[in-house]
Amino acid sequence: MPTISVGRDRLFAALGKTHTQEQFEDLCFRFGIELDDVTTEKAIIRKEKHLEEEVDDDEEVIYKIEVPANRYDLLCLEGLALALRIFNGLEQIPQFKVANISRDSMLKMHVKGETSLIRPFVVCAVLRGITFDEASYNSFIDLQDKLHQNICRRRTLVAIGTHDLDTLEGPFTYEASPPSEINFVPLKQVKNFRADELMEFYKSDLKLKKFLHIIENSPVFPVIYDRKRTVLSLPPIINGAHSAITLKTKNVFIECTATDLTKAKIVLNTMVTTFSSYCERKFEVEPVEVKYFDEKSYVYPDLSVFNMEVPLSYITDSVGVSLEAEEVTSLLNRMQLHANIAKQSGSDENCNISVSVPPTRSDVLHPCDVMEDVAIAFGYNNIPKRKPSTLKPLPLNQLSDLIRQEIAMNGFTEVLTWILCSKRENFEMLNRKDDKSTAVIIGNPRSSDFEVVRTSLMPGMLKTVGHNKDHPKPLKIFEVGDVVLLDENKDVGASNRRLLGALYCGANSGFELIHSLVDRIMEVIGSPFVPVGDNTGYFIQPSEEPEFLPGRQASIVYKGRRIGTFGIVHPEVLNNFDIPDPCSFLELNIETFL
């Protein structure tokens, strides 16, 4: 989940109250977020530069707060402070509105047809009479970066451009032109560049080079001009220097170009609703008309509320607490959702809750989102704990737990190893041949260490011993876990098997200890040792597995089925895993006991 960094003192000033760290952690928990770290700006810089820690009492304390990934309204101090004030009952839910001006008076953005070849959508808005100080200005820039990394998917879906409107003249045009025809001075530069030259120039820029791939191979680049053909931006790469915003900027023009119109609307709404609080007319946004080449036109931003009705019974049944309708509406209002009782027929339990979702809460899409907000506001710690009567463990898991307990009582330590491994570890290092019919192969693996899904617990356990060969001997470890085998009878082409693996490593092989563990497990299962060929219990017989030493291994046969193998691990296998001491290993399929 995304983490935002905010100054503690500025946050407490915005909240209108000072908290101790414990009090603030409790507030965060009750609201559904988490105080992840407490640091200082200088400490962050020192950590990045690997410098020694030097404590300075005058350093500003920074709170790093983890917020839900879909709560875009909480990605900056302004949105977070507003949400917490409403949650604490210190402020009412703001009424965001679009300035009431005629279409003839609106700024216009004309979209040319060529843009459909690269980034077909654009949405715009204006923040009039805004007043920045250094902190709010930095927060304004930081919110853009946070949105670019989150919902904008590193600018591939949406790119935000913000401009000083007083340096520009409308109407604006959104075009797509060959890069050789685009010339402008980019942000923080003084030299004029052609767009194709700019691509080369920014290949050495640590921040911007990661966005070049979005458009660099396109025959046309998106570009936004004003009436005098001044370049506002070359989305999604860089804005023009001419319209750069400063602390003195009073009117901000915001444009979002996109390949996903829905996300563009969310991004625009997040920007304008968050920072309209600094406008002369608080929470009011000036609209812009976007005219497309096919004569269609739209007015943005759309700050209308989204209405839904949610049955009270659905909320109370899902949360697991009996709540009155009035209490539910009060809880929802604390979460920035306008709520009231819609209708009532008979008892209070049959009523519906009418919910108006503001433009800041783009995460609320379904009644389950409303129910979740009720649960958060009520407090998860206040919900009584109960175990549903239908909730029962699977028999396989019950058996696995019983076997774990029994082996642990025999002096073995449980380990948990990766279910993915390399092809070499799964086959060659165990002296096995890959017959292409057992292992599930991972498509396009990120690492050669995770190429296949294991078909045995043996590679992981031998790697564990190899990495702990200096540990005091003997080593006695076990694992109860799944392996995956190809299975044509399954709709997914593979099936899981729950196996038990146990390994002894010491000055001698410990074969007799592994053998006695087999006997103990079968005794606990209730299976008697029987002569070879008798299907009423279990017996052992010689086997010839390549990972074990010949003549020092055996198969376990249970009720006529071969369920496992144990023996002394082959010296070549031990050498492959860099293990200097002899080992004995047991592996059996515990699903056969059910």
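These legends accompany close-up views of a predicted model.

**View 1. The whole chain, traced through its C-alpha atoms.** The chain has 594 residues, and 50% of them count as buried. Its secondary structure consists of 15 helices and 29 strands. Along the principal axes, the C-alpha trace spans about 95 × 70 × 60 Å. The radius of gyration is 33 Å, whereas a compact globule of 594 residues would have one near 25 Å.

**View 2. A patch of negative charge on the surface.** Five side chains gather here: E22, E25, E34, D36 and D37. Two elements, α2 (21-31) and β2 (34-40), each give two or more residues to the patch. Strand β2 supplies the largest share, 3 residues. E34 lies in this strand, β2.

View 3. The bond from G170 to P171 is cis. Its omega is near 0°. P171 sits in a loop, with β7 (158-164) on one side and β8 (172-177) on the other.

**View 4. The cis peptide bond between two prolines.** Here the bond runs from P235 to P236 and is cis, again with omega near 0°. Where is P236 found? P236 is in the loop between β12 (231-234) and β13 (238-239).

**View 5. R229, a non-glycine residue with positive phi.** The phi of R229 is about 65°, although R229 is not a glycine. R229 belongs to the loop between β11 (221-225) and β12. With a relative accessibility of 46%, R229 counts as partly exposed.

**View 6. F283, a buried residue with positive phi.** F283 is not a glycine, yet its phi is positive, at about 65°. The residue lies in the loop between α7 (261-275) and β15 (284-291). Why does F283 count as buried? Its relative accessible area is 12%, and buried means under 20%.

**View 7. The salt bridge between R454 and E479.** Side chains of opposite charge can pair when their charged atoms come close. The structure holds 36 salt bridges. In the one shown here, R454 pairs with E479, and the closest N and O atoms are 3.4 Å apart. R454 is in the loop between β23 (452-453) and α13 (458-467), while E479 is in strand β24 (residues 475-486). The pair therefore ties together parts that are 25 residues apart in sequence. Both partners, R454 and E479, are buried.

**View 8. The salt bridge between K473 and D581.** The N to O distance in this salt bridge is 3.5 Å. How many residues apart are K473 and D581? They are 108 residues apart, and the pair links distant parts of the chain. K473 is in the loop between α13 and β24. D581 is in the loop between α15 (571-576) and β29 (583-589). K473 counts as partly exposed, at 31% relative accessibility. D581 also counts as partly exposed, at 22%.

**View 9. The salt bridge between R562 and E545.** The side chains of R562 and E545 meet with an N to O distance of 2.8 Å. R562 lies in strand β28 (residues 561-569), and E545 in the loop between β26 (538-542) and β27 (548-558). R562 is partly exposed, with a relative accessible area of 47%. E545 counts as partly exposed at 25% relative accessibility.

**View 10. A network of salt bridges.** Which residues are linked in this network? R71, D73, R361, D363 and D373 are the members, joined by salt bridges.

Notes:
Residues are numbered from 1 along each chain as its sequence is written. This is a predicted model: local features need pLDDT of at least 70, side-chain atom pairs count only at pLDDT 80 or more; totals for chains, interfaces and linings use all residues. Side-chain values use heavy atoms; hydrogens and water are left out. Patches are made of residues with over 30% relative accessible area and no salt bridge: like charges are joined within 9 Å, nonpolar side chains (Val, Leu, Ile, Met, Phe, Trp, Tyr) within 5 Å. Accessible areas come from the Shrake-Rupley method with a 1.4 Å probe; for residues, only the protein chains shown count as cover. A salt bridge is a side-chain nitrogen of Lys or Arg within 4 Å of a carboxyl oxygen of Asp or Glu. Lys and Arg count as positive and Asp and Glu as negative; His and the chain ends are not counted. The place of a charge is taken as NZ of Lys, CZ of Arg, CG of Asp or CD of Glu. Helices (H or I, at least four residues) and strands (E, at least two) are DSSP runs, numbered from the N terminus. The radius of gyration is taken over C-alpha atoms; the globule rule is 2.2 Å times the number of residues to the power 0.38. Buried means under 20% relative accessible area, exposed over 50%, partly exposed in between (1.4 Å probe, protein chains only).
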